[in-house]
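Have the 3D view open and follow along.

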Amino acid sequence: MDGKLVVLTCGGGNGAHCLAGLSAMRPKIESRVLTLYSDEAERWAVELDSGLLITVRNDDGSKSLIKTKPSMVTKDPQKAVPGANYIFFVVPAFAHAQYLEAIAPYIEDNTVIVGLPSHAGFEFECADLLGEKANACTTVAFQSLPFVCRLIEFGKNVEILGFKDTLGASTLKGKRCNVTQSVLELPQYIFGDRPKVRRVQNYITTILMAKFIVHPSLMYGKWSQWDGRPLSEKPLFYQGIDKRQAELLSGVSDECVATAKAIEKMVPGLDMSDVIHVFDWYLNYYGDQISDKSNLMTAMRTNKAYDGLNQPMKEIEPGKYVPDFTYRYLSEDVPMGIVPMKGIAELAGVSTPYLDEVITWCQSKLNKEFLVGNKLTGKDLKDTRAPQKYDYNKLEDLFSGNLNSFRY
Ligand code: NAD
């Protein structure tokens, strides 16, 4: 990388603290923060001079301490955005639109906009809300956060509990964007040794390959036959998977793979081979942590990375728990996850009975209507990031206009 780059982190939560802090400790980066939420900017700015402490838990159980200091925290996009080379969105997906609208007037040509993580439909939202300016930018979509992290004290202290080993990202370069360097170099420089950033073939692959099929499928499998009586403890989420949940998840994953294959046939030259079945994905990514690799169910039940992770539950009185259907496993992973996936399958002409069954139950829990029968024509489609919301009604639309650089 040549010269000093300006990195803007949008957000004020767990991940935003980590990214802004890690960026600030790199000599070739000026790190700024834009947070629009509530009084976060004021609260963080007060702490700025004392610096930010990042505690990293290492694999061997030891801890490393990093003292770091972003150069600016503000809620004013006019101060934060001009001159920014990279703009990272490190907020839950429902907040992306608000940030895009706020930064749009100040974005300069050749800016790289990064969803960390992106969730499905990030590129559609960028193209829609940035308008013509999107053509002069490159969009990068990461499949997840690079680390598991949590705030200890706002503006002062954040903890990284572990890093992923690898992390996939796709890129989409606007027609007028003149960025010449590899846009994944800078995120890798910020993350350090881990995770290794891996380029995913194209942005549709990122959507179809993403892990957010897991949460809605498991929630549906677990709670659709629940009798409504509170439980005395929180059940395990991933490691509690039963045969029915595994069959549902596997069925949804088969439909994603079938969609990728159909698209490959319809769009000459497009390679979608990164879209693999979720069972193969588990074996690839968690191979050394899984003790029984016989099938999807046993692989998830015996995945050490999932130790102690429970179903999202609300305690309605001491020792009595009911499922929390407002948690991000549904509120985020349905409208910005499996609904856009369904939208792409629909454009590719692939029928998706498993996905339809899962969406139908999830939307009832969210009090929304996305799917009517097996078509995405519900009145609440506007609250999703399905391609149909943006009037992409043919498969070709996903590879035209500002979305045309899929081979990049
Ligand atoms: P977070 O829960 O810390 O985000 C909260 C922040 O989002 C707030 O501080 C605020 O800045 C912003 N926000 C909240 N409500 C808002 C609103 N109504 N309007 C505008 N902004 C609002 O999020 P996180 O833990 O940093 O995670 C970011 C994303 O990464 C999420 O999609 C999460 O699912 C995903 N993720 C997180 C982890 C993790 O370990 N934290 C791991 C994997 C994936």
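Let's begin with Glu132, which is partly exposed, at 48% relative accessibility. Keep in mind that this is a predicted model. Glu132 sits in the loop between α5 and β8 (138–142), and its side chain meets that of Arg176 in a salt bridge, with N to O at 2.9 Å. Arg176 belongs to the loop between β11 and α6, so the pair links distant parts of the chain, 44 residues apart.

What else does Arg176 hold on to with its side chain? There's a salt bridge to Asp109, at 3.7 Å from N to O. Asp109 lies in the loop between α4 and β7 (112–115), and here the two partners are 67 residues apart.

The axes of α4 (residues 96–103) and α5 (residues 122–130) come within 9 Å and cross at roughly 35°, and the crossing is right-handed. On the α4 side, the contact is made by His96, Ala97, Leu100 and Glu101, while α5 brings Phe122, Glu125, Cys126, Leu129 and Leu130. Sort these contact residues by type and you get six nonpolar, one polar and two charged.

Now head inside. The largest nonpolar core has 74 residues, and Ile263, Tyr282 and Leu398 touch the most other members. Which helix gives the most to this core? That's α9 (residues 243–266), with nine residues. If you zoom in on Ile263 and leave out residues up to four places away in sequence, you'll find it touching Ile204, Leu208, Leu270, Met272, Ile344, Ala348, Leu395 and Phe399. There's also a second, separate core of 33 residues, and its members include Ile29, Val90, Phe147 and Leu186.

Back to charges for the last stop. The structure holds 21 salt bridges, and one of them pairs Asp383 with Lys368, the closest N and O atoms being 2.9 Å apart. Both residues lie in the segment after α14 (353–365), 15 residues apart. Asp383 is partly exposed at 32% relative accessibility, and Lys368 is partly exposed at 32% as well.

Conventions. Residues are numbered from 1 along each chain as its sequence is written. This is a predicted model: local features need pLDDT of at least 70, side-chain atom pairs count only at pLDDT 80 or more; totals for chains, interfaces and linings use all residues. Side-chain values use heavy atoms; hydrogens and water are left out. Axes are lines fitted to C-alpha atoms, for helices over the stretch in contact, and angles run from 0 to 180 degrees between N-to-C directions. Helices (H or I, at least four residues) and strands (E, at least two) are DSSP runs, numbered from the N terminus. A crossing is left-handed if the near helix is turned anticlockwise from the far one by less than a right angle, and right-handed if clockwise. Contact means heavy atoms within 4.5 Å. Ala, Val, Leu, Ile, Met, Phe, Trp, Tyr, Cys and Pro count as nonpolar, Asp, Glu, Lys and Arg as charged, and the others, Gly among them, as polar. A nonpolar core is a set of buried Ala, Val, Leu, Ile, Met, Phe, Trp, Tyr and Cys residues joined through side-chain atoms within 4.5 Å. Buried means under 20% relative accessible area, exposed over 50%, partly exposed in between (1.4 Å probe, protein chains only). A salt bridge is a side-chain nitrogen of Lys or Arg within 4 Å of a carboxyl oxygen of Asp or Glu.
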